[in-house]
Amino acid sequence: MEHLMAIILAAGEGKRMKSKNSKVVHNICGKSLIEWVYDAVSGAGIDETIVVVGHRADQVKECMGDRVKYAFQSQQLGTGHAVMQAEEYLRGKEGYVFVLYGDTPLITAKTISECISLHKKNGNAVTVVTAEFDDPTGYGRIVRDEHGNVIKIVEQRDASDEEKKIKEINSGLYCFTISSLLESLKKLTNDNDQGEFYITDTIGILIKEGFKAGAMKLENPAEILGINDRVQLYQASEHIRRRILEEHMKSGVTIIDPATTYIDEGVKIGIDTVVYPGTIIEGNTVIGEDCIIG
């Protein structure tokens, strides 16, 4: 049986949020960050999701309930170490697993589906989701050969002057063939300055062993925006708010001033309804046709 799984990494402390709450339970337009990620995963047809929890695990579990399975990372020793905690759910299974972060609420089901399809079509062991930035400073660069195959991911601090000119960056989102991920995790080491296990190192391990690594470049780089502080929370919420408003307008709702209108995800509004400036619509609200809201 071919399995289609996801691992959502949500164990980090999120110190820059300066909050007593887990970073991934902060809210955007009526849903927590991790719920946005989970809904994208579910929308891509993935029916088995493991959430790796650690810091304030109780809050994440309360938020997600029994929709997902849990793995616990008692010490935060890197992204590779986090994925290792979910190994018990992968062993003995054939198929594919998508690895992503619980603080990337802009990722879409369409992107995840397309990445999995590309991964299968090309027979990759791993497929990296990438994006192109005018200023890629600080990100790992995607180095490809003349055929477009990924040769390696080089971190900013290790990149040559020529590699630093590359604008295609690693998003930190990956599709793995399950067997390939398990084999590469066995060989993962923490031989680096931070003494941590990095999931990016699995790509180099697989390439070195002759497996094929691919990449899928995003059309909309905003999808990989991760939330580290309240400023980025606001930036992501603006993207999502605009997405929600545009969906309503395309469905026949008049929104006079989108800049001052706030509508939660899941709100239902009938055609020919007019929403006036300064309106906030939250929760499980249902509005009929031909209404005036203000």
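Student: Is Cys-115 buried or exposed in this model?

Tutor: Keep in mind that this is a predicted model. Burial is read from the relative accessible area, and anything under 20% counts as buried. For Cys-115 the value is 0%, so Cys-115 is buried. Cys-175 also comes out as buried, with a relative accessible area of 0%.

Student: How many disulfides are there?

Tutor: Here's the general idea: a disulfide is a covalent bond between the sulfur atoms of two cysteines. In this structure the count is zero.

Student: Okay, on to strands. Which strand holds Thr-177?

Tutor: That's strand 10, which covers residues 168–177.

Student: What does the side chain of Thr-177 make a polar contact with?

Tutor: With the side chain of His-119, at 2.9 Å. Leaving aside residues up to four places away in sequence, Thr-177 touches Gly-95, Tyr-96, His-119, Asn-124 and Ala-125. Thr-177 has a relative accessible area of 17%, so it's buried.

Student: How does strand 10 pair with strand 6?

Tutor: In the antiparallel sense, over four bridges. For one example, find Val-99: its bridge partner in strand 10 is Tyr-174.

Student: Which residue stands opposite Val-99 of strand 6 when I look towards strand 1?

Tutor: Ile-7. Strand 1 is residues 2–10, and it pairs with strand 6 in the parallel sense over eight bridges.

Student: How many residues of strand 6 are buried?

Tutor: Six of its eight, so strand 6 (residues 94–101) is mostly covered. A handy idea for looking at any strand: in a regular one, the side chains alternate between the two faces of the sheet.

Student: Where can I see strands 12 and 15 pairing?

Tutor: Go to residues 274–275 for strand 15, which pairs with strand 12 in the parallel sense over two bridges. Ile-255 has Val-275 of strand 15 as its bridge partner.

Conventions: Residues are numbered from 1 along each chain as its sequence is written. This is a predicted model: local features need pLDDT of at least 70, side-chain atom pairs count only at pLDDT 80 or more; totals for chains, interfaces and linings use all residues. Side-chain values use heavy atoms; hydrogens and water are left out. Two strands pair if DSSP finds at least two bridges between them. Buried means under 20% relative accessible area, exposed over 50%, partly exposed in between (1.4 Å probe, protein chains only). A polar contact is a pair of N or O atoms within 3.5 Å; within protein, one must be able to donate a hydrogen and the other to accept it, and residues adjacent in sequence count only if both atoms are side-chain atoms. Contact means heavy atoms within 4.5 Å. A disulfide is a pair of cysteine sulfur atoms within 2.5 Å.
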